Amino acid sequence: MMKPIESSSGSPDSPDLPDAPAASGGVPGPFTFLMTTPAETGHLLRILELARGLTARGHRVLVHTQASAEAAVRAAGAELVPYARHHNIVMRLRDRPVEGALRWVPAIPRNLIRFREALIESSVELAEELTPILRREHVDCLVHDTFGFGAGYAAERAGIPWASAGNAATVIDAAGLPLLARSLPLPRPIIERPALLHALADRLLPLGRARAALGLPPRRPGGLAEFVRAATSPELHVVMAHRGFLPDVALRERQLFAGPVSFNMPGGHGPQASRPAAPVEVQPGTVLVSTTTTGKDGGLLRRVLLAVAPMGIPILATAASAEDVPTGLGAHVRIERYLPHEEVFPRVAAVITHGGWGTVGRALEHGVPMLIIPLFGDQHINAAQAERGGFAHRLPLAEATPEAIRGRLRALLADGALRERAQAAAGEIRQLKSGAVAAGALERLAARSPHRERARYAPGPPAAQALEQW
């Protein structure tokens with residue numbers, strides 16, 4: 001049985017994927033990979049990171065996503081397969097209005113109902129759209145972002161191996177629960193009983209309906225929640241982090257730590273992204289202030305800049321999607337909407353961030369100490385893990401007064417031991433990148449693909465019709 005992917009020293013290793021054919025010249029190839037992801041930046045970047053690693057080794061990579069991502073897909077050396085009629089779960093939740101009686105339902109149950117409907121519908125639709133592509137293009141291995149619900153079902157129907165990819169919060173612990181589950185607002189007796197959590201997830205998010213609609217056999221009772229199975233592949237889950245970020249987490253088998261994403265979107269992130277008009281000059285001792293690109297800044301950028309500007313140290317800030325951007329803070333404070341982080345991070349002394357994985361991962365990659373003030377979602381997990389690993393200071397938003405922000409920043413800049421730990425993490429990440437551990441693991445997985453018989457399930461009635469009959 002495969003063990004968690006780490007050596008005795010705690011550094012990641014390549015997974016020992018069973019049943020891959022041996023070859024004296026290495027894993028046979030080239031292979032054809034199909035990757036699917038929403039086009040939202042955080043999701044798209046990790047898939048393109050993996051795509052670039054595979055195309056650089058001579059493999060053909062098809063990326064199934066929204067047509068708006070074509071330039072980024074080409075920059076990774078991959079081919080775009082645009083959505084035909086698929087609306088992923090992000091699109092459904094964003095674009096579908098709340099109608100009818102649902103408008104009068106309280107927010108928490110209403111959001112759960114909407115998420116459940118979007119999850120089941122998008123899973124069926126994605127599997128239906130991918131299945132003929134897998135067969136037509138003779139795909140050897142499918143790779144999906146953790147939001148690619150239904151992609152694994154398509155691979156299961158086609159009889160080919162598949163992998164998933166996600167950020168640090170998607171790592172699966174020994175109980176089969178994603179790290180993100182630690183942030184759920186549930187009573188401790190439930191959190192401490194994994195079997196109960198899995199059963200609760202199956203009740204609230206009945207993805208068995210999607211499996212039935214697609215003609216797939218039902219799961220045996222018990223075990224992992226179908227939601228976890230759909231989000232993370234049991235064959236290989238690629239975690240875009242280094243093992244040292246999660247040293248205290250006991251792992252489920254078949255997970256690979258590949259290091260944070262370093263792929264850069266051509267032209268920057270988002271429709272408004274562009275290079276700054278003036279060259280990016282980073283003075284010694286500069287502190288970078290970086291906020292979210294999701295439009296949920298909540299005034300954090302203003303709060304931080306107003307707090308640190310009086311310190312007189314050079315400040316470089318990226319406003320991203322923040323709407324409340326202060327002015328007149330002094331010549332030592334430069335604010336840009338976007339900056340090429342790959343050019344800035346190697347030269348800054350520290351970063352103050354909301355804790356999004358893109359920024360946290362980039363800071364770890366370059367060994368930059370962090371002050372993290374989390375806002376929502378997995379940012380709280382990222383902040384807690386970064387602090388636990390000794391790479392950051394964490395400041396809860398409720399405690400982030402101007403005095404507290406200045407005090408934590410001074411302590412961070414003076415913490416030589418933390419800087420050394422951050423630089424050691426950067427060295428570990430460089431080893432992961434130079435070793436191309438993700439590409440190697442995906443090649444070994446693809447080597448298990450059948451070369452002839454690919455269709456395991458005969459096509460049945462349209463899945464949407466079957467879902468309606470459930």
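**Exercise 1. What covers the buried residues of helix 15?**

*Task.* In this predicted model, describe helix 15, identify its buried residues and state what covers them.

*Solution.* 
Step 1. Locate the element: helix 15 spans residues 416–434 and contains 19 residues. From its first C-alpha to its last it reaches 27 Å, close to the 27 Å expected at 1.5 Å a residue.

Step 2. List the buried positions. They are L418, A422, A425, A426, G427, E428, I429 and L432.

Step 3. Relate the list to helix geometry. An α-helix has 3.6 residues a turn, so residues three or four places apart point the same way.

Step 4. Name the cover. The elements over these buried residues include strand 7 (255–257) and strand 13 (392–394), together with helix 12 (357–366), helix 14 (402–413) and helix 16 (437–446).

Step 5. Inspect the two ends. At the start of helix 15, a side-chain oxygen of D415 comes to within 3.4 Å of the backbone nitrogen of A417. After the helix comes A436, with a positive phi near 50°.

**Exercise 2. Which residues have the most contacts inside the largest nonpolar core?**

*Task.* Describe the largest nonpolar core and follow one of its residues, F33.

*Solution.* 
Step 1. The largest nonpolar core has 72 residues, and those with the most contacts inside it are F33, L50, V143, F245 and M370.

Step 2. A second, separate core has 32 residues, including L34, L126, A158 and W162.

Step 3. Trace F33. Apart from neighbours within four places in sequence, F33 is in contact with residues that include L54, V61, L62, V139, V143 and L442.

Step 4. Classify a ring pair. Five aromatic pairs are found in the whole structure. The ring centres of F31 and F33 are 6.3 Å apart and the planes stand at 85°, so this pair is edge-to-face; the cut-off for that class is over 60 degrees. Both F31 and F33 are buried.

Step 5. Look for a cluster: ring pairs link F115, F147, F149 and F227.

**Exercise 3. Is I372 buried or exposed?**

*Solution.* 
Step 1. I372 belongs to strand 12 (residues 370–372). Its relative accessible area is 0%, so I372 is buried.

Step 2. Compare sequence with space. I372 and P396 stand 24 residues apart in sequence, and their C-alpha atoms are 8.2 Å apart.

Step 3. Turn to S449, in the loop between helix 16 and helix 17 (463–469). S449 has a relative accessible area of 4% and is therefore buried.

**Exercise 4. Where does H138 lie?**

*Task.* Describe H138 and R254, giving the phi, location and exposure of each.

*Solution.* 
Step 1. H138 lies in the loop between helix 4 (107–136) and strand 4 (141–145). Although H138 is not a glycine, its phi is positive, about 50°.

Step 2. With a relative accessible area of 51%, H138 is exposed, the cut-off being over 50%.

Step 3. R254 is in the loop between strand 6 (237–239) and strand 7. R254 is likewise not a glycine, and its phi is positive at about 60°.

Step 4. The relative accessible area of R254 is 22%, so R254 is partly exposed.

How values were computed:
Residues numbered from 1 in each chain as written. Predicted model: local features only at pLDDT ≥ 70, side-chain atom pairs only at ≥ 80, totals over all residues. Heavy atoms only, no water. Helix = DSSP H or I, 4+ residues; strand = E, 2+ residues; numbered from the N terminus. Expected span 1.5 Å × (residues − 1). Buried < 20%, exposed > 50% of the residue type's maximum accessible area, 1.4 Å probe, protein only. Contact = heavy atoms within 4.5 Å. Polar contact = N/O pair within 3.5 Å; in protein donor to acceptor, adjacent residues only side chain to side chain. Core = buried A, V, L, I, M, F, W, Y, C linked by side-chain atoms within 4.5 Å. Phe/Tyr/Trp six-rings, centres within 6.5 Å; stacked < 30°, edge-to-face > 60°.
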